[in-house]
Amino acid sequence: MIVEFGHYALVLAFALTLVQSVLPIWGALQKDERLMAVAPPVSVMLFLLVLLSFVVLTGAYLNSDFSVLNVVENSHSAKPLLYKFTGVWGNHEGSMLLWVLILVFFGALVGVFGGNLPADLRAVTLSVQGWVTAGFVLFLLATSNPFTRIANPPLEGSDLNPILQDIGLAIHPPLLYVGYVGFSITFSFAVAALILGRIDAAWARWVRPWTLLAWCFLTLGIAMGSYWAYYELGWGGWWFWDPVENASFMPWLAGTALLHSAIVMEKREALKVWTVLLAIFTFSLSLLGTFLVRSGVLTSVHAFATDPARGVFILGLLCIFIGGSLSLYAWRAPMLKQGGLFAPISREGGLVLNNLFLTAACAAVFVGTLYPLVLDAVTGEKISVGAPFFNLTFGPLMVPLLLAVPFGPILSWKRADLGAACQRLYATFGLALLLTLVTYWAWGMDKVLAPLGVGLAVWVMAGAISEIVTRVKFFEIGFKRGFARLVGLPGSAWGTATAHFGIGLTVLGIVTASAFQEERVLTMRPGDVVELAGYQMTFEGAAPRRGPNYTEEVGHFSIRQGGTLVAELDPSKRIYTARQMPTTEAGIYTTGFSQVYLSLGEGRGDGAVDVRVYFKPLITLIWIGCVIMSLGAVFSIADRRLRVGAPKPARKRQQSVAAAE
Amino acid sequence: MIQRLFLALLLCVSLLAAPALAVAPDEVLDDPVLEGRARALSAGLRCMVCQNQSIDDSDAPLAKDLRVLVRERLVAGDSDEQVIDYLVSRYGEFVLLKPRFAWHTIVLWAAGPVALIAGLIAIVAALRKRARNRAAANDVSAPKLTAEEERRLQALLDKAD
């Protein structure tokens with residue numbers, strides 16, 4: 001009965017989305033305040049209804065209600081409580097429900113906190129959000145109903161895919177979805193602006209915090225997914241250029257471009273038309289990602305063709321939203337007024353360069369991801385596009401972008417002096433050069449590119465620090481007054497420097513972990529010692545162990561450095577009983593920012609076992625850098641200027657009307 | 001990600017009785033130079049029953065067979081290109097994680113650079129157009145001051161002195 005209640009709440013929610021889709025925008029076009037006022041309460045009600053249905057599904061999981069098909073297929077009574085909970089979104093139907101929940105959550109946020117928006121902009125934005133929500137709630141109800149019952153409930157469920165039974169699943173999809181779906185608000189704002197034909201600096205100021213928020217979560221979500229794959233898949237890779245990863249990476253690239261172009265729009269009213277287009281692209285790429293992951297088209301084009309209901313439905317939504325918004329753009333964008341002018345060498349110019357490279361990189365990833373699917377569908381030819389391709393096409397686009405990063409924040413608006421900017425970066429350049437040479441000296445000349453990569457990372461990081469230092473004028477005005485200025489810097493300045501420092505850290509981690517990784521593959525007997533990167537690893541033996549819903553063979557290793565014991569690692573091989581599916585659990589020892597990574601392979605009889613040992617220097621910087629980037633977004637959101645509220649154009653207009661009278 | 005992990009496992013690991021490591025110790029060649037070449041080649045070859053994994057990373061039996069095959073060819077004295085040609089002739093271009101540059105992949109390879117160049121051209125064109133518009137606007141606006149305005153401007157300037 002409760003399950004039907006959840007289903008019914010979802011149906012009611014669909015009805016409400018129709019109300020939200022029609023009434024507020026009608027009100028905005030008719031200038032009817034009462035109709036526009038419908039939007040906020042409806043958006044909150046929608047959120048409550050979807051939340052109710054999500055809670056009901058969660059309840060079914062926690063109680064192991066095996067009369068619900070979705071629970072049978074993805075749960076098991078012996079599964080630990082945490083995974084019963086996270087299992088709710090560890091499957092297609094549940095994850096789509098989470099997707100919709102976050103969509104309506106963002107709508108409700110605009111409804112509740114959008115009080116300082118012009119009434120018509122808020123109404124139209126919520127209506128557009130209502131269109132998207134209607135499409136996806138209908139998708140849930142029509143093709144992916146999580147509340148389907150079965151007539152003869154089995155006694156036991158078939159368990160969640162073991163690889164998903166991990167704390168990673170608890171965190172990764174919700175973070176990623178908040179990021180993905182958060183861009184829906186930017187999209188709705190952009191479409192609303194096109195419909196109302198009004199885009200000004202105030203609009204950019206409302207859009208930027210939403211973009212930052214979504215971007216922050218998307219960054220964390222991608223980083224989390226990467227770390228999860230790293231420790232769970234057992235061969236120490238952290239990014240695979242897999243289509244599903246690319247599906248989340250493309251909105252990230254577009255979103256990064258968007259939050260930079262929105263700065264230009266906010267400060268200088270330039271790049272309006274382009275910013276709106278980027279906002280549309282970013283959410284379109286999120287939708288595309290959802291389509292790629294949820295339709296099964298990635299497994300094979302033919303699997304998609306044989307069971308097309310879901311895929312075709314999302315493809316339809318994709319065509320309506322992307323096609324519709326782009327048509328609207330083509331129709332309305334030429335009517336928007338152009339903003340401020342700027343010279344090519346200027347802050348604006350720097351941000352345009354950023355957008356150029358990020359967009360080109362996004363295009364490269366986009367084509368690389370979809371090309372094999374299209375080629376297969378059109379000609380039947382099968383090709384693979386994997387990591388070596390992306391490294392070759394994506395990498396070179398990132399190098400000039402990273403080289404330009406330290407210049408961006410120190411160029412002045414409108415027209416800048418490149419020579420003066422270079423002068424301010426002498427120290428940064430010197431430090432980068434020094435560390436490049438040190439790396440050459442330490443590692444020799446056999447890796448030509450890696451020290452240059454280290455230098456590039458240091459260049460970006462030192463550039464971020466130097467930006468803060470020069471802004472504060474420590475050297476000119478002394479430490480004490482400098483410190484006062486440091487505290488008084490606007491949040492957005494801290495945000496920029498922090499995020500840029502973070503990307504530098506990530507690049508450093510990527511370069512060192514890829515180029516200077518050390519690895520040994522060998523068969524070890526109990527008592528054997530292997531030496532790697534100054535650590536002696538002793539295999540102490542293996543023993544079986546029984547977990548709540550798996551059995552495992554645990555290898556015990558002690559790690560010594562110069563004779564002293566520094567860590568004990570227990571990598572294991574598990575078999576999950578319900579599905580008889582094996583997984584590997586790596587043993588990881590973190591020392592400083594580096595890691596020793598141990599994983600077990602096949603047993604060779606009489607206690608001997610295959611072992612793969614890695615030393616990955618500075619690898620944790622890859623993820624720490626991402627966390628710092630998100631922190632930068634948080635600083636930027638906290639900027640007082642974003643909270644104080646934008647100047648209201650309505651008031652200005654009233655004044656000018658009053659003046660005319 | 002979930003899907004990726006899921007498929008990787010479903011496709012690869014379900015084929016196995018017991019999970020093995022990618023690159024087992026018994027496969028490793030004694031000659032470190034040859035082994036290095038083998039590893040580099042393996043990283044660019046696809047495990048064809050897997051979801052986007054190289055044979056260097058994969059645990060699937062097919063990946064193991066391919067790794068052994070690559071090493072056999074290298075020991076027999078093949079160059080890297082010969083090994084790749086041999087594998088492509090046997091398994092088709094699908095085995096390459098980095099597609100060859102050819103007519104059917106030209107769009108793929110050109111996408112990034114073309115997007116960059118097209119974007120650059122669009123930006124330069126937009127900047128030029130704006131500069132022209134501005135110049136034109138200035139030309140038109142310059143003689144727009146009426147006699148009355150000229151007089152007021154002069155009065156203001158005089159007052160400033």
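This is a short talk on a predicted complex and the contact between its chains A and B.

Housekeeping. Residues are numbered from 1 along each chain as written, and chains are lettered from A, ligands numbered from 1, in the order written. The model is predicted, with local features needing pLDDT of at least 70 and side-chain atom pairs pLDDT 80 or more, while totals for chains, interfaces and linings use all residues.

The predictor gives the complex an ipTM of 0.84 and a pTM of 0.89.

The interface, then. Contact means C-beta atoms, placed from the backbone, within 7 Å. On that basis, 53 residues of chain A meet 44 residues of chain B. Helix 14 of chain A, residues 347-379, supplies the largest share of chain A's side, ten residues. Helices here are DSSP runs of H or I, at least four residues, numbered from the N terminus. By class, chain A's side has 30 nonpolar, 15 polar and eight charged residues.

Now helix 18 of chain A, residues 449-472. Its 24 residues should span 34 Å at 1.5 Å a residue, and the end C-alpha atoms are 35 Å apart, so the two agree. K473(A) follows helix 18, with a positive phi near 60°.

Last, confidence. pLDDT is the predictor's confidence in each residue, from 0 to 100. Chain B has a mean of 78, and 81% of its residues reach 70 or more. Helix 4 of chain B, residues 80-91, is highest at 91; helix 1, residues 2-12, is lowest at a mean of 45. Residues 1-20 of chain B stay under 50. Where pLDDT is low, the predicted coordinates should not be read in detail.

Methods. Contact = placed C-beta atoms within 7 Å. Helix = DSSP H or I, 4+ residues; strand = E, 2+ residues; numbered from the N terminus. Nonpolar A, V, L, I, M, F, W, Y, C, P; charged D, E, K, R; others polar. Expected span 1.5 Å × (residues − 1).
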